[in-house]
Amino acid sequence: MGKVTLYDGVIAKIATDAGEAGLRGALGRGEQILKGDILNRQGSGRIYGKHQASAPGEPPAKDTGALSANTNADDQIKREGEDLVGRIVANSAQAEALEKGTERMAARPFLTLLATDHADDLRDAFVQGAKG
């Protein structure tokens, strides 16, 4: 009878690799959802010239496309303690003000909507990515 031994280090490496692949899948899907849906919606708020803004609580209405163009899944998966962490980053001057609001403007969340309204999509993408 043969014996197969799987060492803890090997198991941990396999789990980490699958976790990273799953996380990359979820991040990629999140970026697709943001750019294809959430940041591509018509606003229902005030009209400024040719642009109809979003109403408070809605995601930002598409205007110049700068927010969408500068919102991307970060290539780097990082370890923070025991956790693997991936990020979708909005590198736009107005991103934080839109997401959180300001003293003069109510929030127009878009990253929060990704997590709350599309959790099942992200979970499915993670599982598919982890399977390889």
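The protein has five helices and six strands, where helices (H or I, at least four residues) and strands (E, at least two) are DSSP runs numbered from the N terminus. Welcome to this predicted model, in which local features need pLDDT of at least 70, side-chain atom pairs count only at pLDDT 80 or more, and totals for chains, interfaces and linings use all residues. Residues are numbered from 1 along each chain as its sequence is written, and side-chain values use heavy atoms, with hydrogens and water left out.

**Overall build**
- Starting at the N terminus, the order of elements is α-β-β-α-β-β-β-β-α-α-α.
- The radius of gyration, taken over C-alpha atoms, is 19 Å, whereas a compact globule of 132 residues would come near 14 Å by the rule of 2.2 Å times the number of residues to the power 0.38.
- Along the principal axes, the C-alpha atoms fill a box of roughly 80 × 25 × 20 Å.
- Of the 132 residues, 30% are buried, meaning under 20% relative accessible area (1.4 Å probe, protein chains only).

**The largest nonpolar core**
- This core is a set of buried Ala, Val, Leu, Ile, Met, Phe, Trp, Tyr and Cys residues joined through side-chain atoms within 4.5 Å.
- Among its 16 residues, Leu-27, Leu-34, Ile-38, Leu-67, Ile-88, Phe-110 and Leu-114 touch the most other members.
- Helix H3 (95-100), H1 and H4 each supply at least two residues of this core, and H1 gives the largest share, four residues.
- Beyond its neighbours within four places in sequence, Phe-110 has contacts (heavy atoms within 4.5 Å) with residues including Leu-34, Ile-38, Leu-67, Ala-95 and Leu-98.

**Two pockets**
- A pocket is an open set of points on a 1 Å grid over the protein atoms alone where a 1.4 Å probe fits, with protein on both sides within 12 Å along at least five of seven lines; lining residues have an atom within 4 Å of a point.
- The largest pocket has a volume of about 420 Å³, and of its 22 lining residues, His-51, Ser-54, Pro-60, Ala-61 and Leu-98 are the closest to its centre.
- Helix H2 (residues 66-69) provides the largest share of that lining, three residues.
- The second largest pocket holds about 160 Å³, and its lining includes Leu-23, Leu-27, Ile-88 and Leu-114.
- Helix H1 (8-36) and helix H4 (111-117) each bring at least two residues to the lining of the second largest pocket, with H1 giving the most, four residues.

Technical notes:
Grid points are joined across faces, edges and corners, and a volume is the space filled by probe spheres set on the points. Buried means under 20% relative accessible area, exposed over 50%, partly exposed in between (1.4 Å probe, protein chains only).
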